[in-house]
Amino acid sequence: AAAEAEPDPARRASLATDALRAYLGAGCAEAPAGLSTQALAAACERSALLAPAAEPALRALRAADAAKFAGQPVDGGLVAELCAEAFRRADLARRALWKEALR
C-alpha cells in the first residue's frame, strides 16, 4: 500500500521490491529477505514455491537494483505491477503445494 501511494518512482520501486522480498522470505526458507537478486534467482530455480513467481519477481528486482545501484530511471508503477504479479503467482503456488500436501 505504501508503494502505491509513493510519488517518487525509485522509492516506489524500492518499497514494492522490499515488500516482495519480505513476502517471499516469510513463505520460503530458501529466500530470506536479505538475499541478493542473483542469489534469489538461483533459489527460484530450486524451489517449487518460487519458480512460478520468478519471472515477474526478477524483472522487478533487477529494475529496482538498476535504479538503486546505477541511478538508472525506473518505472515505479511497472515494478509495483510486476511485484503484484509475483505475489499472486507465489500465493497460487503456495496454495497448490498445501493442497497437494494435505492429500
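1. A word on terms before anything else: a residue is called buried under 20% relative accessible area, exposed over 50%, and partly exposed in between, using a 1.4 Å probe and protein chains only. Glutamate 4 sits in helix H1 (residues 2–5), where helices are DSSP runs of H or I with at least four residues, strands are runs of E with at least two, and both are numbered from the N terminus. The C-alpha atoms of glutamate 4 and leucine 15 are separated by 9.0 Å, with the two residues 11 apart along the chain.

2. Keep in mind that this is a predicted model, in which local features need pLDDT of at least 70 and side-chain atom pairs count only at pLDDT 80 or more, while totals for chains, interfaces and linings use all residues. Residues are numbered from 1 along each chain as its sequence is written, and side-chain values use heavy atoms, with hydrogens and water left out.

3. Now to helix H3 (residues 37–46). Which residues of H3 are buried? They are Thr37, Leu40, Ala41, Ala43 and Cys44. These residues are on the same side of H3 because they cover an arc of only 160° around the axis, the arc being taken from the directions from the helix axis to the C-beta atoms. An α-helix has 3.6 residues a turn, so residues three or four places apart point the same way. Over on the other side of H3, Gln38, Glu45 and Arg46 are exposed.

4. What do the buried residues of H3 pack against? Their partners are helix H2 (9–27) and helix H4 (54–70), with contact taken as heavy atoms within 4.5 Å.

5. If you were wondering about the cysteines, there are 0 disulfides in the structure, a disulfide being a pair of cysteine sulfur atoms within 2.5 Å. For cysteine 44, the nearest cysteine sulfur is that of cysteine 28, 8.3 Å away. Cysteine 83 is in no disulfide either, and its nearest cysteine sulfur, that of cysteine 44, is 12 Å away. Cysteine 44 is buried at 6% relative accessibility, and cysteine 83 is buried at 1%.

6. On to the nonpolar core, meaning a set of buried Ala, Val, Leu, Ile, Met, Phe, Trp, Tyr and Cys residues joined through side-chain atoms within 4.5 Å. The largest one has 28 residues, and Leu20, Leu24, Leu40, Leu50, Val79 and Cys83 touch the most other members. Helices H2, H3, H4 and H5 are the elements that give two or more residues to this core. Leucine 20 touches Ala57, Cys83, Ala86 and Phe87, leaving aside residues up to four places away in sequence. In soluble globular proteins, nonpolar side chains tend to be buried together.

7. How many aromatic pairs does the structure hold? There is 1, counting rings of Phe, Tyr and Trp (its six-membered ring) whose centres lie within 6.5 Å, with planes under 30 degrees apart called stacked, over 60 edge-to-face and the rest tilted. Tyrosine 23 and phenylalanine 87 make up this pair, edge-to-face, at 5.1 Å centre to centre and 75° between the planes. The pair links distant parts of the chain, since tyrosine 23 is in helix H2 and phenylalanine 87 is in helix H5 (residues 76–101), 64 residues apart. Tyrosine 23 is partly exposed at 29%, and phenylalanine 87 is partly exposed at 25%.

8. The loop between H3 and H4 deserves a look too. Serine 47 is found there, and at 8% relative accessibility serine 47 is buried. The side chain of serine 47 reaches the backbone nitrogen of leucine 50 at 3.2 Å. Leaving aside residues up to four places away in sequence, serine 47 touches Cys28 and Glu30. Alanine 53 is in this loop as well, buried with a relative accessible area of 1%. Alanine 53 touches Ala86, Arg89 and Ala90, again not counting residues up to four places away in sequence.

9. Glycine 77 lies in H5 and is buried at 19% relative accessibility.

Methods
Polar contact = N/O pair within 3.5 Å; in protein donor to acceptor, adjacent residues only side chain to side chain.
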